[in-house]
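Hi everyone, thanks for coming.

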Amino acid sequence: MKNVLIISPHPDDEIIGCGGTLIKYSKSKKIKTYWLIVTKDNIELNWSKKQKYKRAQEIKKLQKKLKFKGTYQFNKEATKLNEKDYSTFIENIKAIIFKNEINEILCPSEKDVHTDHQHINKIIKSACKPFRNPSLNKVLFYETISETNQNFSSIFKPQLFINIDKEINEKIK
C-alpha cells in the first residue's frame, strides 16, 4: 500500500497542479491519499458568508470525489505565510507523515512565483529529510500553471510525467 500526501497551499492548487494524478490515485486500491490544506480565506479578501460556504462545500465535494483518507487544515491566512512559522509547520508536517506512514508527497514547485507556494516548498524540503521520515520515499513537485507562468527568473522543468489520458476529461470538469 502506498500512502500519498498532497499539499495545497490554497484549496484548488492540488487540482490545478496534479488533479489528473489525484483522480488516477483515487481509482487505485493500492494507494491511500491524504490532503493538507495550508491556508484559509484571507480576511482582506472580504469574502461573503455565501462565498465561504461555497468554498467549504467545494472542499467537501473534492474530499469525497478523490477519496482522501484524511484531510488536514492548518488554517493559516492566505498570502501571510512567512519564515517565522517554519518550525511549527515542519513539526506539524512531520507528525502527519509519521502518523500516516507517508511514502510520497506532492507539493508546489520552488519555481512558482506565488510566495505562499515558495514558503511551502521550503518547509517541505526541510520536513522531508530522509533521516526524519523512514517511510518517505519520494517528494514530487507540481506546477500550478496559474502562477508559474508569471515567473520571469526561471521556469519549471518537469522530470516526471504521469499519463492521465484516462483522467483528463474528469479533471477538466
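Buried here means under 20% relative accessible area, exposed means over 50%, and partly exposed is in between, with a 1.4 Å probe and protein chains only. Please keep in mind that this is a predicted model: local features need pLDDT of at least 70, side-chain atom pairs count only at pLDDT 80 or more, and totals for chains, interfaces and linings use all residues. Residues are numbered from 1 along each chain as its sequence is written, and side-chain values use heavy atoms, leaving out hydrogens and water.

So, is C18 buried or exposed? C18 counts as buried, because its relative accessibility is 8%. C107 is buried too, at 0%.

For C107, the nearest is that of C128, at 7.2 Å.

Now the sheet. Helices (H or I, at least four residues) and strands (E, at least two) are DSSP runs, numbered from the N terminus, and two strands pair if DSSP finds at least two bridges between them. Five strands form an open sheet in the order β3-β2-β1-β4-β5, paired in parallel. β3 (70–77) and β5 (138–142) are at the edges with a single partner strand each, so one side of each has no neighbour in the sheet.

Let's look inside the sheet. Three bridges join the parallel strands β1 (residues 2–8) and β4 (residues 104–108), and V4 has E104 as its bridge partner in β4.

How values were computed. Disulfide = S-S within 2.5 Å.
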